[in-house]
Each structure stands twice: as C-alpha cells, then as structure tokens.
Amino acid sequence: MTLLPNLVVATSIEKVEVAAYQIPTDFPESDGTLKWNATTLILVTITAGGERGLGYTYGNVATAKVIQDHLISLVIDQDVNEIPAIWCSLIRQVRNDGTKGISAMAISAIDIALWDLKAKLLNLPLVHLLGQIRKNISIYGSGGFTSYSLKQLEQQLSCWIAQGISCVKMKVGRYPEKDKERVATARHVIGPKPRLFVDANNAYQQKEALHFLRIFSNYDISWMEQPLSHDNFSGMRWLRDQVPEIEIAEGEYGYELSYFRQLLESQAVDVVMADVTRCLGITGFLKINALCEAYHSPLSCHCAPSLHVHLGCALPQIQHIEYFHDHSRIEHMLFDGVLDPVGGTLTPDLSQPGLGLTFKHTDAIQYAISS
C-alpha cells in the first residue's frame, strides 16, 4: 500500500529531545587501528504537528551534550518545512568549534530527524519525499573483524552468502602477518563468484599498502577501503595507478563538502563513501551526491543501513549500502520497522511514513547513559 500525501502546512517545532545509549557488542570487535566492545547511539526526537521525527548517529556521548547545550534552542519554534534554513543556523552555531567530528555528528542527527518529521507530516515515505528512482538498493555484508578467529570469519561470511548477499567485506591491517591467510580463508569460504572487499581503516603505510594490494589481487579482491590516512590524497591516487584492478574507496570520515571535493579533485578514489550520520545529515548527503554526479563518481553508503536505505533508492550515484554487523544488530534491537535483506537488497516500506522506524524505548532503557 502506498501512502497518500497530506498538504504542506507551516508547522512549528514544539520539542527536541536527545538521549544516549551504549550497547555492548556481541563479541569484542577490532579493525586495523581501533578496538571496541560497545557502541554508543545518540537519538534525537523532534515533535511538531502531532508527529515525532527521529534521527540518530553513532558517536561519543559528548555529541548528545553538544545537541542539548548548543543546538536545541535553534530548532525550537522553527518551521519544519524550512530544513535548509535550520541546517544553516546549526552550521553557524558551531563555527568556533568547527563543523567536523562531534559537531557534524550532532547536526547530522538533528537533520535526519527533521527530514523524518517532515515526511511524516506529509504522510510520505522518506524515499518519496526525496524522489524515488529505484525500488531497492544492493547491500554488502560488512564485519570480518580482526578480533575474529578464522572459524568466526568463515561463519559470518558464509552466512551472508547463504542469505543471498553477493558481496562481503572484512577487516585487515591490525596483524599484517596474518592478512594473507585471512583473505585466502575468506575467498575459499565464499567461493569464486561473490565480490570480496577489504578494509584497512588507515592501518597501512603507502608502500605497505601496495605490497598487500598485490598479494590480495591473487584472491580476486575488488575493493580496498581506507588503505592510508584519509587525507593522503596523493598516496591513494598513486595506489590506484599501481593496482588499477582494485578499487580504492574512502570518505567515511568526511564531514564537510570541501573534503569530498578534495577527494574527487585529486582523483584519489574510485568510489566515494559517505555516512549520513557524520556528513551533516541528509541535507549534507544530498550535496555530496550532487558533487559525485558532477564528477561522474559512484557513491557508497557507510554503515547505519536503516538510515541509508531511502537515500539509496533516491540518489543516482549510490551503488550500494554497507550492511555493517554492529549497526544492523543494534538497529534490530532498538527499532521497530527495521528491514531485512532479501536477495542481497533492502527495499523501503512504502506503507510507512518517514524512515518507517519506531524507537523501542522500553527495550532501550537498559542501555541509557547520561550525557
């Protein structure tokens, strides 16, 4: 069933609430440069016209304090139809603190909630408000943490393949001496046809990255993510030239449009990555898609699959969504309306307005933390 839209009316925002939740991982997780055993979700809820929009980001609890102490006052009493104006006021507010990092994640959560609220007030699924161009969007299974044993790695990757997901990603870089064996194991367990990605999370130096790219090419790796520091544009361009058969991907820690412009102008990557929970929300993500369109670059959505599915079905440059183990698990735990993959894709629920998500406050209360 497709929803019928309501008429657009001026609607003042009445209330903005923020809360933080820390959810333990189901097993200790690590990548090339970081270890963690819990993930923090910052939830923003905005009320207007009898509807509640929600948005969230994954980040430090300090993000919630920035929202509470510095940003909520700029949103109250504003017209929810004027999201660009609200977004600009939030950007100005964090001028002295900078629009990267925690500030960007705070703005992202608010902006996502505003878009969800506007779509609900219009009685439209978010993908229809954005302008749907495809019925579903491909995903790739993402996990394969460096903390996993070879048996755990095999089990996770083979499970995704059994679900019809034809592309999977694993972490490398923490233990370089083990990377060849782990990648070989991954290729063996998924078979020759599925695509296999690796993610170094900035762990390698330039020549080291080239060394492993050449090794991984023997196992038909088609993508290496974050081989170097995220701002080493010349180094990534050099890697692209050296091993052109493997795509270089970067951008998940891009917060501002200027970073993505530098990434594209320098020809550092084959695929741009962007994260709606970091890149200044849906408003920021739309700008990044337009930039990628101008540069004829594909775009991939980083993590938070429940937030990216509507974008993935509305924006032309997006080629797939990262179905990240940690985030897909948390979203199923804390939200009703979370989508399950079918045939390696996610399809928005057009019978529900907005994002189609409802936060399960009763289930989440055990994870609540103070900001």
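**Group meeting: a walk through the predicted model**

Let's start with serine 142, which sits in strand S4, residues 137-142. Helices (H or I, at least four residues) and strands (E, at least two) are DSSP runs here, numbered from the N terminus. Before going on: this is a predicted model, so to speak, with local features needing pLDDT of at least 70 and side-chain atom pairs counting only at pLDDT 80 or more, while totals for chains, interfaces and linings use all residues. Residues are numbered from 1 along each chain as its sequence is written, and side-chain values use heavy atoms, with hydrogens and water left out.

Back to serine 142. Buried or exposed? Serine 142 counts as buried because its relative accessibility is 0%; buried means under 20% relative accessible area, exposed over 50%, and partly exposed in between, with a 1.4 Å probe and protein chains only. Leaving aside neighbours within four places in sequence, serine 142 is in contact with Trp160, Lys169, Glu322, Tyr323, Phe324 and His325, where contact means heavy atoms within 4.5 Å.

Next, the region around helix H7, residues 206-216. Its buried residues are Ala209, Leu210, Phe212, Leu213, Ile215 and Phe216. What covers them? The cover includes helix H6 (176-190), strand S6 (195-199), strand S7 (221-225), helix H8 (233-242) and strand S8 (247-250). S7 is largely enclosed by the rest of the structure, because 5 of its 5 residues are buried. S7 pairs with S6 in the parallel sense, over 4 bridges; for two strands to pair, DSSP has to find at least two bridges between them. One such link has aspartate 199 bridged to glutamate 225 in S7.

Now look at the loop between H8 and S8, where you'll find valine 243. Valine 243 counts as buried, because its relative accessibility is 2%. Leaving aside neighbours within four places in sequence, valine 243 is in contact with Leu210, Leu213 and Arg214. Take leucine 213: it is 30 residues from valine 243 in sequence, yet the two are 7.1 Å apart in space, C-alpha to C-alpha.

On to the cores. A nonpolar core is a set of buried Ala, Val, Leu, Ile, Met, Phe, Trp, Tyr and Cys residues joined through side-chain atoms within 4.5 Å. The largest one has 113 residues, and those with the most contacts inside it are Ile46, Ile67, Phe216, Phe285 and Phe335. Helix H3 (residues 101-121) gives the most to this core, 13 residues. Apart from it lies another core, of 7 residues, including Cys167 and Met273.

H3 also takes us to the sheet: H3 lies across strand S2 (35-48) and S3, running at about 150° to S3. That angle is between N-to-C directions on a 0 to 180 degrees scale, with axes as lines fitted to C-alpha atoms, for helices over the stretch in contact. The sheet is open, with 4 strands in the order S3-S2-S1-S15 and antiparallel pairing. Its edge strands, each pairing on one side only, are S3 (51-58) and S15 (368-369). Strand S1 (residues 15-30) is joined to S15 by 2 bridges, and alanine 20 stands opposite isoleucine 369 in S15.

S2, strand S11 (318-324) and helix H12 (325-334) each supply at least two residues of the lining of the largest pocket. Which of them gives the largest share? That's S2, with 5 residues.
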